[in-house]
Amino acid sequence: MHTKAIYPGTFDPLTNGHLDLIARGAKIVDELVVAILRNSEKGTPLFTVPEREEMIRESTLGLGNVSVATFDGLLVDFARSQGAKAVLRGIRAISDYEYEFQMAMMNRKLDPELETLFMMPAEKYTYVSSRLIKGVFHLGGDVTSLVPPNVVERLKSKVPGKI
Ligand code: PNS
């Protein structure tokens with residue numbers, strides 16, 4: 001059986017925590033599609049969707065069964081259109097659990113055939129989030145060990161004058 005999963009998110013920007021999860025997910029499914037939500041309700045993003053797509057593509061070149069796509073509308077509809085059996089999500093701490101549980105249950109209600117798989121990133125990334133990365137970078141903090149090198153470069157060009 002060919003197992004395909006979707007790893008959805010905003011990825012504004014990709015972090016090493018996301019990358020860690022992508023690598024873990026890619027080991028347990030045949031095909032993993034990293035899917036960027038185009039119409040996120042999270043406010044104005046720092047990076048455009050094409051920029052985020054490119055950063056993820058560059059960072060996952062070494063993973064042959066990983067591809068990158070974008071979607072809007074319901075995740076379950078996108079998953080179905082892709083023929084995916086599962087959604088992959090990362091859980092870093094208990095605080096993530098409530099939101100993730102609600103989403104997983106809503107997605108199950110919308111499509112009982114679609115399973116949600118939760119995986120935990122490496123301990124060293126349990127506190128890393130795109131929101132914190134942007135905040136710290138804007139204030140001149142060093143995020144070089146927390147995001148891939150291409151993301152550091154993009155951050156520098158978006159927010160000139162920082163590290
Ligand atoms: O990384 P994020 O921003 O927490 O990802 C959230 C995401 C994109 C997985 C979620 O917002 C989503 O799936 N949105 C699509 C709309 C949808 O399907 N909503 C119903 C499920 S609650």
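I take a salt bridge as a side-chain nitrogen of Lys or Arg within 4 Å of a carboxyl oxygen of Asp or Glu. By that rule, Asp12, Arg52 and Lys134 are linked in a network of salt bridges.

Ground rules next. I am working on a predicted model, where local features need pLDDT of at least 70, side-chain atom pairs count only at pLDDT 80 or more, and totals for chains, interfaces and linings use all residues. Residues are numbered from 1 along each chain as its sequence is written, and side-chain values use heavy atoms, with hydrogens and water left out.

**Entry: salt bridges**

I looked up the total: the structure holds 15 salt bridges. I started with Asp12 and Lys134, whose side chains meet at 2.8 Å, N to O. Asp12 is in the loop between β1 and α1, Lys134 is in helix α5, and 122 residues separate them. Helices (H or I, at least four residues) and strands (E, at least two) are DSSP runs, numbered from the N terminus. Asp12 and Lys134 are both buried. Buried means under 20% relative accessible area, exposed over 50%, and partly exposed in between (1.4 Å probe, protein chains only).

Next I checked Glu58 and Arg154, which form a salt bridge at 3.7 Å, N to O. This pair links helix α2 (residues 49-59) to helix α6 (residues 149-158), 96 residues apart. Glu58 is partly exposed at 34% relative accessible area. Arg154 counts as buried at 18%.

Then came Asp111 and Arg80, with their closest N and O atoms 3.4 Å apart. Asp111 lies in the loop between α4 and β5 and Arg80 in helix α3 (residues 75-82), so the pair ties together parts 31 residues apart in sequence. Asp111 is buried, at 9% relative accessible area. Arg80 is partly exposed, at 47%.

**Entry: largest pocket**

A pocket here is an open set of points on a 1 Å grid over the protein atoms alone, where a 1.4 Å probe fits, with protein on both sides within 12 Å along at least five of seven lines. Lining residues have an atom within 4 Å of a point. I found a volume of about 1400 Å³ for the largest pocket. Its lining has 45 residues, and those closest to the centre are Gly9, Thr10, Lys42, Arg89 and Tyr99.

Which element gives the largest share of the lining? I found that α4 does, with eight residues. Among the other elements that give two or more residues are β1 (4-9) and α5 (130-138). By type, the lining divides into 21 nonpolar, 15 polar and nine charged residues. Ala, Val, Leu, Ile, Met, Phe, Trp, Tyr, Cys and Pro count as nonpolar, Asp, Glu, Lys and Arg as charged, and the others, Gly among them, as polar.

Key
Points joined across faces, edges and corners; volume = space filled by probe spheres on them.
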